[in-house]
Amino acid sequence: MTEGKWLNSFAGIRGRLTLWFAAGAVGAVVVGGAVVYLTGLTSIQGTLGQTYCQIAARIVEQAESRFVGAADRLGVIATDVLTAEVALEGRQIYEKRPAEWRDARLARLAREWKQEHGAEGRLAQLHPQLSYRLAVMAGLDEEALVRFSVYDINGLLLAASSPPERRLATGQSWYRAVTGETEHFVHMDAGQLSGELVIVTPVWGGIEIAGFTVATYDFPMFARAIENIHFGESGEVALVDYAGVSIGNEPRGYHIQALAHRPTQSGADVAAGRAPGEPYWVGVPSEEVWPLWDRLVCVAPLRSVNEMRAAFSLPPWAVTVTQSPGESYAALSHSLQSFAFAGLFGILVVGMSGALIAYRLSTPLKELQAGVQRFARGDRSSRVEVESTDEIGQLADEFNRMAERITESENELRAFAQAVEEATDAIVMADPEGNSYYVNPAFVTVTGYGADYAQGRNLSFLKSGMTPPKTFAEMRKAMDEGSPWRGELWNRRKSGEDYPVDLSISPIHDEDGRVVSLLGIHRDITLAREYRDALECEVEARTREIAETEGLTAMGRMASMIAHDLRNALSTIKMNLQILSRQHGEADGTTREHCEMSLEQVAYMEEIMRDMLSFARPERPRLDWQDVAQLLDDAMATMSHSAEMQEVEVLRRGWSSLPKVYCDRVKIIEVARNLVENALQAMPEGGRLTIEAMLLFETDIPMIRFEVVDTGEGMDEETRTQAFEPFFTTRGKGTGLGLAIVKRIIDQHNGAIGIDAAQSRGTRIWFTLPTEPTQG
């Protein structure tokens, strides 16, 4: 078998089954190893942590014994009679002396000490008897002791077993800490830079502190007796403060991490200013050869020492006990190695067994694979013959039945594809997002876009911008619901020509009801739309002509009757009333008032006659270019006085900077006056009248929109819908022809008019005029 065939065989089902068996064995080994590891780790950590803490407790006892013993020895010196006498003598020197004298003396003695470089010369400046006694006691103390010293209350060195560098202690941290103390204390601190352990106790002179005894130790040497304790091959002990800094040896990173996990203080410890006193152990991530295992560290505080340090707010000290992870977990490491060897042997056995089983299973599958490949290459007569009756044999039978169904479906699809290709309507197949993946030849013919361009592209490239957004919203809603949709919209050909289409979209669902594809049938209805529009315009024009003819005929007859029968009679009545009014001009007020009322009624009747004649015999408009602001000014010239009398505020908005309109000046002024007069009648108690003009670009020809807005009583929906009908009125007087005449004038100018009103909220009536000549 060549290398390529071997790789293909291994990548097949035989290789995968073998790998699955081997992977299962590996998984079992890994899980078992993890269980052994976690169980053994928990047990070992618990045991080692307790052991370390027992060792730490014994070391703490030894350490505290050394610290407390040193403090006790210093206390013996402090309570010695000679020490007290020397301290009192030093204090008495400054009694009844001013502070300036004291400071001068201390400065002088410090200079003399600094000028004297020999030890004998410096000792000569101290108390000889007490210094000798301190030297004897220092010789009896341990090797780590540097010196015993006695200072007065002002920090001046009085006696010492060996001379220090400075005689004054005022600049040292221990002196600043104990100054002002009135109770007995033991101050114990170590300097990280100097490497010295300093222990201070007071010297009492009666009931007051007269001075201080100080023991200075070489701290690394002092702590070496504690830290030199070892156990095992890598066990170590360290003396640290609670910041994790090693006091004696080099600092270790795990000291800081171990101290960071210290337990919370109890209420009693907090009240007494003490640090936690119980030992505890923690696991710290190791940076050594065992990265998966923590280094166990036990932390044991020096409780008695820490209580002395807490009085001066000094950080607590503790002893840490630890061991290398390699030594701590040696037993666990050995167990894991044994388990690994056993697991490796099990993996080999299981892998070989899996390879044998895979061979037995894959042989009939290979035969099935060969049959499927022949069918996929186009051999529709290919069938699979498998002798087994198990699941693989059943799979082969299902494949043979599937091959029969596929052959039948392909014949049906071939016939369907031929019908789609030869259809005269454009047909598109797209995904649910509208991205096309098939277009038929008719689509290319109708749109001008090639199949290569259209396929794979979102069908939005056909949009013309003329289709209302509402149409697309209805289409999208139907697609989201998985429902068919049909409607008309405007598309754009590749040439840039916009054309109307009748579009039918049918969603195609999968077995779960999800939409997986869209089938669109796209029919160009340009000619049908032209025929329909022409027919609708013709029908509308003929209907309007018939209605107007019938109305005008009736109005013409009535107007002729009015003009013939009433005009002359009204003229005679009007003339006689005017004569009577002049004759009785100086008569009593009643007669004159009756004449004026009669004349007003005659004028009202003449106005009715004019409206009826104007509606019955409309004149053709005399169109010319007119300025918008001038038109409105002329219309308001006769109405301003009425507005002032009714206390109506008139607001004018947007009259300037507008293009001219092509209209009949007299008729548009008549329209404006009629609308303003109606608005004033709606506000008998006063109000606000707003007359606004604005330029609109919502149609092909820019339009000027005029708005007359009042704050009157408004109108209900029924009144608003009938307002432009002839003879409709809500007033007790009037013909109801005013708004009908207004609408006719606006229609003659190819404009539009409408009312926006709500009861008790005022009325807004508007009309539009074109800025260019139009045909109508």
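I took helices (H or I, at least four residues) and strands (E, at least two) as DSSP runs, numbered from the N terminus. This is a predicted model, so I kept its rules in mind: local features need pLDDT of at least 70, side-chain atom pairs count only at pLDDT 80 or more, and totals for chains, interfaces and linings use all residues. Residues are numbered from 1 along each chain as its sequence is written, and side-chain values use heavy atoms, with hydrogens and water left out.

Cavity entry. For me a cavity is a set of points, on a 1 Å grid over the protein atoms alone, where a 1.4 Å probe fits but cannot get out; lining residues have an atom within 4 Å of a point. I found 1 cavity of 30 Å³ or more. The largest cavity holds about 60 Å³, a volume being the space filled by probe spheres set on the points, which are joined across faces, edges and corners. Its lining includes Leu632, Trp655, Val676 and Phe767. Helix H21 (628–637) gives the most to this lining, with 3 residues. I noted 10 nonpolar, no polar and no charged residues there, counting Ala, Val, Leu, Ile, Met, Phe, Trp, Tyr, Cys and Pro as nonpolar, Asp, Glu, Lys and Arg as charged, and the others, Gly among them, as polar.

Helix entry. Helix H23 (residues 665–681) packs against helix H25 (residues 738–748) at about 145°, axes 10 Å apart; axes are lines fitted to C-alpha atoms over the stretch in contact, and angles run from 0 to 180 degrees between N-to-C directions. Among the residues in contact (heavy atoms within 4.5 Å) I listed Ile668 and Leu675 of H23 and Ile741 and Ile745 of H25. This contact has 8 nonpolar, 4 polar and 2 charged residues.

Conventions:
On a 1 Å grid over the protein atoms alone, a cavity is a set of points where a 1.4 Å probe fits but cannot get out, and a pocket is an open set with protein on both sides within 12 Å along at least five of seven lines; lining residues have an atom within 4 Å of a point.
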